[in-house]
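Biologist: I've got a model open and I'd like to learn how to read it. Could you walk me through it, feature by feature?

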Amino acid sequence: AEPLTITTIKLYAEIQDNFLPTPAKSHYLFNLRDVSKVFQGVYLANPKLYEEKEQILRLWFHESCRVFMDRLINLEDREKFKIAIDNCMDSGLQMRMKEVVGDDPDMVFAGINLSSPEAEDPPYDYISDRKGLKAFMEQKVDDYNVMFKKA
């Protein structure tokens, strides 16, 4: 756990230094709460599902991207972030981003059970079935629209 913590703090420092607020990017304000948000997401996971190092790092990568990269407004900044996280992972965790995410850098983790949508308290896990996820989300939107239909 210590290398993950140190790497997260190093990533935070890198972001603080390289993604400064400007008039066009006034929301590029990062603070230590962002570090805690990364770990909040990691703690959502059921430890029994994450016994391999790669699984934990995949979840950590996802949470770091959601907390930091989702605020970045252009592709140039997102690419800079990916380079920064790859460098931090290499120096702190001895793994490269490509080893962790493979061919899916836009991973989705959620507390959804696609095979049993009404399941109580499904585990927070990686969703690899994008078509199933899309169908699930479309069904939820349809259900919402039926429930709150304007007269």
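Predicted model: local features only at pLDDT ≥ 70, side-chain atom pairs only at ≥ 80, totals over all residues.

Biologist: Fine, start with the fold. How many helices and strands are there in the chain?

Modeller: The chain has six helices and two strands. Reading from the N terminus, the order is α-α-α-α-α-β-β-α.

Biologist: And what box do the C-alpha atoms fill?

Modeller: Along the principal axes, the box is roughly 50 × 45 × 25 Å. The accessible surface of the chain is about 9700 Å², and carbon and sulfur atoms account for 55% of that. Of the 151 residues, 34% are buried.

Biologist: Now packing. How do I read a pair of helices?

Modeller: The general idea is that two packed helices are described by the angle between their axes and the distance between the axes. Take H3, residues 53–67, and H4, residues 75–93: their axes come within 12 Å and cross at roughly 145°. The crossing of H3 past H4 is right-handed.

Biologist: Which residues in H3 and H4 meet there?

Modeller: From H3 you get Lys53, Leu57, Trp60, Phe61, Ser64 and Cys65, and on the H4 side they meet Phe81, Ile85, Met89 and Leu93. Sorted by class, this contact holds eight nonpolar residues, one polar and one charged.

Biologist: On to charges. What's the idea behind a salt bridge?

Modeller: Side chains of opposite charge can pair when their charged atoms come close. Searching the whole structure turns up 10 salt bridges.

Biologist: Show me one. Which residue forms a salt bridge with Lys25?

Modeller: That's Asp77, and the closest N and O atoms of the two are 2.9 Å apart. The pair links distant parts of the chain, 52 residues apart: Lys25 sits in the loop between H1 (2–18) and H2 (32–43), while Asp77 belongs to H4.

Biologist: Are Lys25 and Asp77 buried or exposed?

Modeller: Lys25 is buried, and Asp77 is buried too.

Biologist: How about a pair inside one helix? What separates Glu79 and Lys82 in helix H4?

Modeller: About one helical turn, because Glu79 and Lys82 are three residues apart in helix H4. Their side chains meet in a salt bridge, at 3.9 Å from N to O. Glu79 has 42% relative accessibility, so it counts as partly exposed.

Biologist: And how many Å apart are the closest N and O atoms of Glu118 and Lys140?

Modeller: In that salt bridge they are 4.0 Å apart. Glu118 lies in the loop between S1 (109–110) and S2 (125–126) and Lys140 in H6 (130–147), so the pair ties together parts 22 residues apart in sequence. Glu118 counts as exposed, at 64% relative accessibility. Lys140, at 34%, counts as partly exposed. Salt bridges can also share partners, and here they join Asp34, Lys37 and Arg71 into one network.

Biologist: Let's stay with Asp34. Where is it found, and what does it touch?

Modeller: Asp34 is in helix H2. Its relative accessibility is 2%, so Asp34 counts as buried. Leaving out residues up to four places away in sequence, Asp34 touches Leu29, Val67, Phe68 and Arg71.

Biologist: Where is the place of Asp121?

Modeller: In the loop between S1 and S2. Asp121 counts as exposed, with 74% relative accessibility.

Technical notes:
Residues numbered from 1 in each chain as written. Heavy atoms only, no water. Axes fitted to C-alpha atoms, helices over the stretch in contact; angles between N-to-C directions. Helix = DSSP H or I, 4+ residues; strand = E, 2+ residues; numbered from the N terminus. Left-handed = near helix turned anticlockwise from the far one by under 90°. Contact = heavy atoms within 4.5 Å. Nonpolar A, V, L, I, M, F, W, Y, C, P; charged D, E, K, R; others polar. Buried < 20%, exposed > 50% of the residue type's maximum accessible area, 1.4 Å probe, protein only. Areas by Shrake-Rupley, 256 points an atom, 1.4 Å probe, with all protein chains shown as cover.
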